[in-house]
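Please work through the following exercises with the sequence and the model open side by side.

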Amino acid sequence: MNLSNSIFEEFFMNKISEEELIDQLEVGSPQFEKKLKKEMKSTIFKRDGKRLAYLIYTLFLTENSIDMNVYLDILNQLIICDWHKEHENIAMILQKIHSPSSVAYLKKALYLNPEYLNWDDNYAFEVKIIWALGYIKNSESKKVLELVSKESNEILARNARQQLSNW
């Protein structure tokens, strides 16, 4: 099983195909999910943003082959960390998982304002959080969306109202 940075770099430089990357990762092996989870925990400890980007890409690449819930606790932690640049991708994964355990983390992340996203006056990260909350569809997420629907930021408020209208 090869989860090294170099295998991802080869893939992103088009030196190997997606199929070859999947083969190198040994996605079908019984150890794959444990190894990926261990690597993600190690990445959090080391605060290695580049490594995290590769591992988050791996989640997207393998989402139909693995149990995404295995990574839920780690993803909940990561959505509120300020040392990486994977917030939007993590929000999209949390939307797919739509676990009630993510609501508190998503609420906190909504006001995280990562410095690297200061340029984005469309609030793409925050909108993704709102959509993730909308997919959870429980009383906690509804309360958060109701609060956001009253925000002075019209982009956030409009998206929250849209999610509430889908209830």
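The exercises below concern a predicted model, and they go from the overall fold to the core and then to one residue.

**Exercise 1.** Describe the secondary structure of the protein and decide how compact the protein is.

Solution. Finally, consider the contacts with a separation of 6 or more, of which 67% join residues 24 or more positions apart.

**Exercise 2.** Find the residues with the most contacts inside the largest nonpolar core, and list what Leu75 touches.

Solution. The largest nonpolar core holds 51 residues, and Met40, Leu59 and Leu75 have the most contacts inside it. Its largest share, 7 residues, comes from helix 8 (residues 124–136). Not counting residues up to four places away in sequence, Leu75 touches Met40, Ile56, Leu59, Ile90, Ile93, Leu94 and Ile97.

**Exercise 3.** Is Asn76 buried or exposed, and which side chain does its own side chain meet in a polar contact?

Solution. Locate Asn76 in helix 5 (residues 72–79). Its relative accessible area is 2%, and because buried means under 20%, Asn76 is buried. The side chain of Asn76 then makes a polar contact with that of Ser102 at 2.7 Å. Leaving aside neighbours within four places in sequence, Asn76 is in contact with Leu94, Ser101, Ser102 and Tyr105.

Note on methods
Residues are numbered from 1 along each chain as its sequence is written. This is a predicted model: local features need pLDDT of at least 70, side-chain atom pairs count only at pLDDT 80 or more; totals for chains, interfaces and linings use all residues. Side-chain values use heavy atoms; hydrogens and water are left out. Helices (H or I, at least four residues) and strands (E, at least two) are DSSP runs, numbered from the N terminus. Buried means under 20% relative accessible area, exposed over 50%, partly exposed in between (1.4 Å probe, protein chains only). A polar contact is a pair of N or O atoms within 3.5 Å; within protein, one must be able to donate a hydrogen and the other to accept it, and residues adjacent in sequence count only if both atoms are side-chain atoms. Contact means heavy atoms within 4.5 Å. A nonpolar core is a set of buried Ala, Val, Leu, Ile, Met, Phe, Trp, Tyr and Cys residues joined through side-chain atoms within 4.5 Å. The radius of gyration is taken over C-alpha atoms; the globule rule is 2.2 Å times the number of residues to the power 0.38.
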